[in-house]
Amino acid sequence: MELAVIGVILVVVIAFIALTVKIVPQQRVGIVERLGKFHRLLTPGLNILIPIIDHVRTYHDLRIQQTNVPPQTVITKDNVQVQIDTIIFYQVVGPEEATYGISDYVYGVRNISTATMRQIIGKLELDETLSGREKISTEIRLALDEATEKWGVRIERVEVIDIKPPVDIQEAMDKQMKAERNKRAIVLEAEAARQDMILRAEGDKQSKILKAEGDREARIYQAEGLRQAQELEALGQAKAIQSVAEAEKLRIELLKSAGLDEQVLAYQSFEALGEISKGPANKVFLPTDVVRTLGSLGAIADVFKAGKDK
């Protein structure tokens with residue numbers, strides 16, 4: 001009997017502790033109602049409640065959550081049905097509003113997202129829809145923010161995962177894309193051939209220019225070499241003439257220093273002419289001035305002979 005009483009007391013104590021002590025993990029909060037009315041929030045850590053009077057209605061996760069919106073079939077402005085998949089990232093920032101502002105905020109977010117998507121896509125044509133994912137995501141997010149602000153929920157991000165047009169339109173688009181790729185390939189090939197021809201012509205042009213410049217430089221160097229050779233040759237000849245002139249000048253000075261006057265020199269020149277006349281070409285032409293001096297040369301000869309006889 002005593003064991004039964006002790007067991008009942010233990011059960012009552014455990015139940016009392018379970019109803020009184022609440023441990024809340026990090027990033028979670030609880031909604032506490034006292035006698036059916038909101039009383040306070042259970043914060044992370046140890047919390048004490050009054051049994052029977054206080055009651056935890058629900059818990060909220062304060063981390064960023066995500067929810068997938070079921071694929072929706074919507075009609076574009078040009079009457080084409082497309083199927084769109086979206087995902088929504090949200091966070092509970094007002095636990096009290098999320099509890100009492102709406103019965104199920106996740107369901108509400110999905111419904112608003114679907115309705116907004118239909119309105120947006122109805123204003124866009126197919127091509128705009130396929131290329132306007134960012135625009136669609138932004139407009140859905142703005143519409144959700146306006147509605148969920150009263151629910152204590154903040155929309156972090158909306159992503160359009162996939163947009164699927166009908167099968168026949170998809171096939172037509174694939175054919176169009178294939179034709180466009182073929183067209184681009186042909187254009188690129190033609191452009192490559194044109195560039196190749198341009199580069200070849202440019203290379204040939206540069207080659208001819210370089211060859212012409214090389215020939216011109218070679219002719220310049222050749223002319224410069226010939227000019228320098230002629231200058232050196234002329235300089236050599238001038239130096240040779242100068243040397244002969246200096247030697248002749250020295251010889252004359254030596255003759256003068258030996259005491260020979262002009263008449264003696266003329267006579268020696270006359271004897272030299274005689275020696276020249278003994279050669280194979282024995283005809284010697286004398287200038288008139290030389291002939292006039294022959295008379296005096298005879299006298300010079302007599303003087304020399306007289307000198308030798310003595």
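I began at helix H3, where Asp104 caps the N-terminal end, with a side-chain oxygen 3.2 Å from the backbone nitrogen of Val106. I count such a polar contact when two N or O atoms lie within 3.5 Å; within protein, one must be able to donate a hydrogen and the other to accept it, and residues adjacent in sequence count only if both atoms are side-chain atoms. Helices (H or I, at least four residues) and strands (E, at least two) are DSSP runs, numbered from the N terminus.

The model is predicted: local features need pLDDT of at least 70, side-chain atom pairs count only at pLDDT 80 or more, and totals for chains, interfaces and linings use all residues. Residues are numbered from 1 along each chain as its sequence is written, and side-chain values use heavy atoms, with hydrogens and water left out.

**Helix H3**

I checked the length next. Which residues of H3 are buried? I list Tyr105, Val106, Gly108, Val109, Ser113, Thr114, Thr116, Met117, Ile120 and Ile121. Buried means under 20% relative accessible area, exposed over 50%, partly exposed in between (1.4 Å probe, protein chains only).

**Thr148**

I moved to helix H5 (residues 133–148), where Thr148 sits. Thr148 is buried, at 0% relative accessible area. Its side chain reaches the backbone oxygen of Leu144 at 2.7 Å. Leaving out residues up to four places away in sequence, Thr148 touches Val109, Val153 and Ile155. Contact here means heavy atoms within 4.5 Å. Val109 is also on my list of buried H3 residues.

**Nonpolar patch**

I then looked at the surface. Val5, Ile9, Val13, Phe16, Ile17, Val21, Ile23, Leu46 and Ile48 form a nonpolar patch with about 840 Å² of accessible area together. Helix H1 (2–20), strand S1 (21–24) and strand S4 (45–48) each give two or more residues to the patch. H1 gives the most, with five. Patch residues have over 30% relative accessible area and no salt bridge; like charges are joined within 9 Å, nonpolar side chains (Val, Leu, Ile, Met, Phe, Trp, Tyr) within 5 Å. A salt bridge is a side-chain nitrogen of Lys or Arg within 4 Å of a carboxyl oxygen of Asp or Glu. Areas come from the Shrake-Rupley method with a 1.4 Å probe; for residues, only the protein chains shown count as cover.

Phe16 lies in H1 and is partly exposed at 47%. I also noted Ile50, in the loop between S4 and strand S5 (54–61). Ile50 is partly exposed at 39%. Ile50 and Thr20 are 30 residues apart in sequence but 5.7 Å apart in space, C-alpha to C-alpha.

**Positive phi**

Most residues other than glycine have a negative phi. Gln27 has a positive phi of about 65°. I placed Gln27 in the loop between S1 and strand S2 (28–34). Is Gln27 buried or partly exposed? It is partly exposed, at 33%. Asn79 has a phi near 60°, in the loop between strand S6 (65–75) and strand S7 (81–92). Asn79 is exposed, at 66%.

**Whole chain**

The protein chain has nine helices and eight strands. Buried residues make up 22% of its 310 residues.
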